[in-house]
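Hi everyone, thanks for coming.

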Amino acid sequence: MNASTADYPDSDALTPTQLAKQLSRVTDGLLTRYNTSGPRYTSYPTAPVWTTDFDARAFRYVLESSRETQTGNTPLALYTHIPFCEERCLFCGCNVVITKQKHQAETYLSHLFKEIDLACEWMAPQRPVFQLHWGGGTPTYLTTEQMTRLFQHLKDRFQIQADAEIALEVDPRVTTTEQVTALRALGFNRISLGVQDFNPAVQEAIHRVQSTEMTETLMETCRALGYQGINLDLIYGLPYQTTETFQQTLSTVIRLNPDRIALYNYAHVPWMAPHQKQIPEDALPPGPVKFEIFRTALQRLTEAGYVYIGMDHFARPTDELAQALTAGTLHRNFMGYTVHSGLKTNTVTELHGFGVSAISGYSAHYAQNVKKLSDYYEALERKQLPTWRGYGLSQDDLIRRSVIQQILCRGQLLYEATAEAFQLEVPTYFADSLRRLAPMAEDGLVRLTEDGLYLTVLGRIFARNVAMHFDAYLKPEQTGAQPIFSKTL
């Protein structure tokens with residue numbers, strides 16, 4: 001497959017015509033070659049590389065060092081994990097606690113406050129917070145009063161900026177008008193509604209029955225309250241999904257007109273998430289059908305005016321995410337694509353995560369909290385950070401992280417900028433990686449020139465595959481071993 005000049009448009013916003021042309025070139029052979037298991041690169045190195053040798057003491061040292069070296073203007077992002085759900089959705093791979101015993105939330109909050117206070121003893125709390133996110137689980141499992149106390153606790157200890165993106169994920173089935181009204185009054189301005197699919201047969205199979213009216217009513221309420229961004233989360237590759245049924249879901253989504261859309265690739269990993277064994281594997285769409293669902297969604301959403309941000313994200317042209325793509329300031333972290341970043345090739349916004357299983361990402365370190373509630377509570381009762389594992393990045397890690405960020409967020413790797421940032425010759429340093437990319441160039445996915453690497457229109461869809469060539473830790477899957485990453489498409 002030879003690429004033409006038209007395959008490399010100057011605009012970041014791919015037109016429906018460009019996409020239709022490129023997607024028509026995806027053959028079964030191309031899918032076979034590139035639909036492999038691979039990381040989503042919300043971090044580099046990825047979590048399987050991290051080690052339990054990096055413990056609470058090590059993370060405390062990172063926080064103390066950060067306090068000493070960071071100035072008051074260095075941005076910070078905050079994430080808080082609320083793990084509780086009343087029922088289990090079978091597609092879910094998140095760290096959740098299924099319980100209807102609402103008193104558990106109060107026990108969790110008391111320990112969450114302890115973690116926040118403990119971390120603040122060693123952090124630099126005067127740093128401006130430009131992004132705050134609550135995820136789960138279901139954050140609205142908490143009562144309005146509990147959410148108010150949690151937000152106030154964070155606000156009392158951190159400098160949350162007036163223009164900060166303050167967001168949370170919600171389940172329309174359990175989220176009330178009272179809750180979203182109170183959250184908006186607190187300052188939340190972006191809200192993500194989990195949908196997955198509007199088709200009744202699919203919903204039944206994944207134990208997530210949710211009417212269109214329920215979702216639409218909550219969206220209308222949030223719009224009336226003045227939320228600046230309303231997102232819908234979808235998943236493709238679910239049981240009983242077909243191109244035809246998902247077309248209907250897409251029509252509904254386009255009519256509802258969200259500001260952003262996340263279209264996640266379902267990862268069927270029953271060896272890691274045992275509850276997924278309840279999903280009949282013969283009901284899952286095979287690879288070619290799954291890609292056709294994604295291809296159709298990509299085509300429909302761009303025709304409806306959405307900008308394809310990359311991987312699994314779409315946004316209206318007026319949305320900050322689309323504007324960041326054009327400006328070259330798009331970033332990627334544990335919350336996915338985001339706007340606020342260090343804006344330099346070799347720096348990232350530091351992110352601190354609170355709660356069970358939450359992940360923190362500092363300039364050269366990662367840390368993750370323990371996954372079990374009992375371990376989380378025990379650590380905090382001992383006045384110890386609940387760190388489970390982490391990682392300290394080498395200079396090579398920092399270089400490769402920057403390269404992977406550029407590929408996934410900008411669709412290119414400019415040699416000169418990277419050379420200036422890290423004092424190296426990119427073609428020499430990455431000679432093996434660039435050589436391995438030759439087949440992708442032959443397939444029309446990338447263009448290799450003297451000054452850089454550029455993803456084509458089609459290559460942006462296979463961006464994870466391109467990034468994988470710069471991953472020093474990624475090993476070919478052993479024969480018979482179960483993959484630890486989702487499929488790239």
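Two strands count as paired if DSSP finds at least two bridges between them; helices (H or I, at least four residues) and strands (E, at least two) are DSSP runs, numbered from the N terminus. This is a predicted model, where local features need pLDDT of at least 70, side-chain atom pairs count only at pLDDT 80 or more, and totals for chains, interfaces and linings use all residues. Residues are numbered from 1 along each chain as its sequence is written, and side-chain values use heavy atoms, leaving out hydrogens and water.

E18 meets E19 (residues 452–455) over 3 antiparallel bridges, and Leu448 stands opposite Leu453 in E19.

Now the salt bridges, meaning a side-chain nitrogen of Lys or Arg within 4 Å of a carboxyl oxygen of Asp or Glu. The structure holds 20 of them. One joins Asp443 and Arg33, with the closest N and O atoms 3.3 Å apart. Asp443 is in the loop between H17 (438–442) and E18, while Arg33 is in H2 (residues 28–34), 410 residues apart.

Which partner is buried (under 20% relative accessible area, with exposed over 50% and partly exposed in between, 1.4 Å probe, protein chains only), Asp443 or Arg33? Asp443 is buried at 11%, whereas Arg33 is partly exposed at 46%.

Another salt bridge pairs Asp312 with Arg40 at 2.4 Å between the closest N and O atoms. Here Asp312 is buried, at 3%, and Arg40 is partly exposed, at 27%.
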